[in-house]
Amino acid sequence: MTTIRDVVAAAEAARDGIPAVIAAELAAQVPPAASAGVAAAIAAQAGKVVQGSGSPNGVVTAAVGTLYVDTAKTLGAHIWRKDAGTGNTGWIVVNGDTGWRNLDATLVNGWTGTLRLRRINYQVQVQGTLTATTATARQLSAVTAGFLPSFSNVPMPAYYGGSTLIFSRVRTNTAIEMDNTTVPTNARECAVSYLTGDAWPTTLPGTAA
C-alpha cells in the first residue's frame, strides 16, 4: 500500500521546482490509501505552478492545467487551476474557504437573530437562529453571487421548539426564506449545506464571524 510519505517522496524527487506550498497542500489532501497514480499526478505539475498575490483571473496568462497559488488567500481563495483558454482568463478555484461570514446585518423584513454563511470549494453552508416576532414576510436575507445554489430551490431544515419542522429554503433568485407566521415568537434553528456552480465570489457578504 502506498503511504502519504511514499507519495510525497516521489513528488519531491520529480517535481523540479514545484513551490513547497503546493507540495504541502496536495500532500495534506492525499488519503492514507493513496495509489501510486497520485504521485505521478503531483509530479506531472512540474513547471506548471506559479505564485502570486491576488486572483489570477485577468492577470496571469498560462496554459490549461497550470496551478496558481495565491499567497494572500484573497477572499479565501488559495489555489486556482487554469481550466480553459489560452489567455489570462479561465481560472477556477480548487482550494478555497471564505470562513464563516456574519450576515446578521443583512436581515430584512423585521427578522432578528443570527445568520451565518460559508463557502468551502464548491460547498456552501448556511446556519442560523432566527425569530419572526416582527417579521412581515418570508424573505429574511439574500444570498449573493458566489454562493447561489447550483440547482433549483434548496429546502433548508428549520425547527422551533426543538422538534417542530417549518417551511424554509434558499432560492436560486438569491432569497433566503422562512415561514414567518407559525408561532412567530419562537426562535427557529436552521442549517443547510448545498453545492454551488458559481465562480468564486469577488466580494464577501457581511463581516468575518
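I began with pLDDT, which is the predictor's confidence in each residue, from 0 to 100. I also noted that contact means heavy atoms within 4.5 Å.

**Entry 1: the model and its confidence.** I am working from a predicted model, in which local features need a pLDDT of at least 70 and side-chain atom pairs count only at pLDDT 80 or more, while totals for chains, interfaces and linings use all residues. Residues are numbered from 1 along each chain as its sequence is written, and side-chain values use heavy atoms, with hydrogens and water left out. I looked up the chain average and found a pLDDT of 84, with 78% of the residues scoring at least 70. Over residues 1–17 the pLDDT stays under 50, and for this stretch the model has 32 contacts beyond four places in sequence. I then went through the elements, where helices (H or I, at least four residues) and strands (E, at least two) are DSSP runs numbered from the N terminus.

Entry 2: I took two strands as paired if DSSP finds at least two bridges between them. I found an open sheet of four strands in the order S1-S2-S3-S4, and its pairing is mixed. Its edge strands are S1 (49–52) and S4 (91–96), each of which pairs on one side only. Neighbouring strands of this sheet are turned against each other by 25° on average, direction ignored, with axes taken as lines fitted to C-alpha atoms, for helices over the stretch in contact, and angles running from 0 to 180 degrees between N-to-C directions. I followed S1 to strand S2 (residues 67–70), with which S1 pairs in the parallel sense over four bridges; Gln51 has Val69 in S2 as its bridge partner.

**Entry 3: the seven-stranded sheet.** I traced a further open sheet, of seven strands with antiparallel pairing, in the order S11-S10-S14-S7-S6-S5-S15. Here the edge strands are S11 (164–166) and S15 (207–208), each pairing on one side only. Strand S10 (residues 158–160) pairs with S11 in the antiparallel sense over three bridges, and I noted Ile166 in S11 as the bridge partner of Ala158.

**Entry 4: Asp83.** I located Asp83 in the loop between strand S3 (77–82) and S4. Asp83 is partly exposed, because its relative accessible area is 39% and buried means under 20%, exposed over 50%, and partly exposed in between (1.4 Å probe, protein chains only). Leaving aside its neighbours within four places in sequence, Asp83 is in contact with Val64, Gly90 and Ile92. I also looked up Ala63, 20 residues from Asp83 along the chain, and the C-alpha atoms of the two are separated by 8.7 Å.
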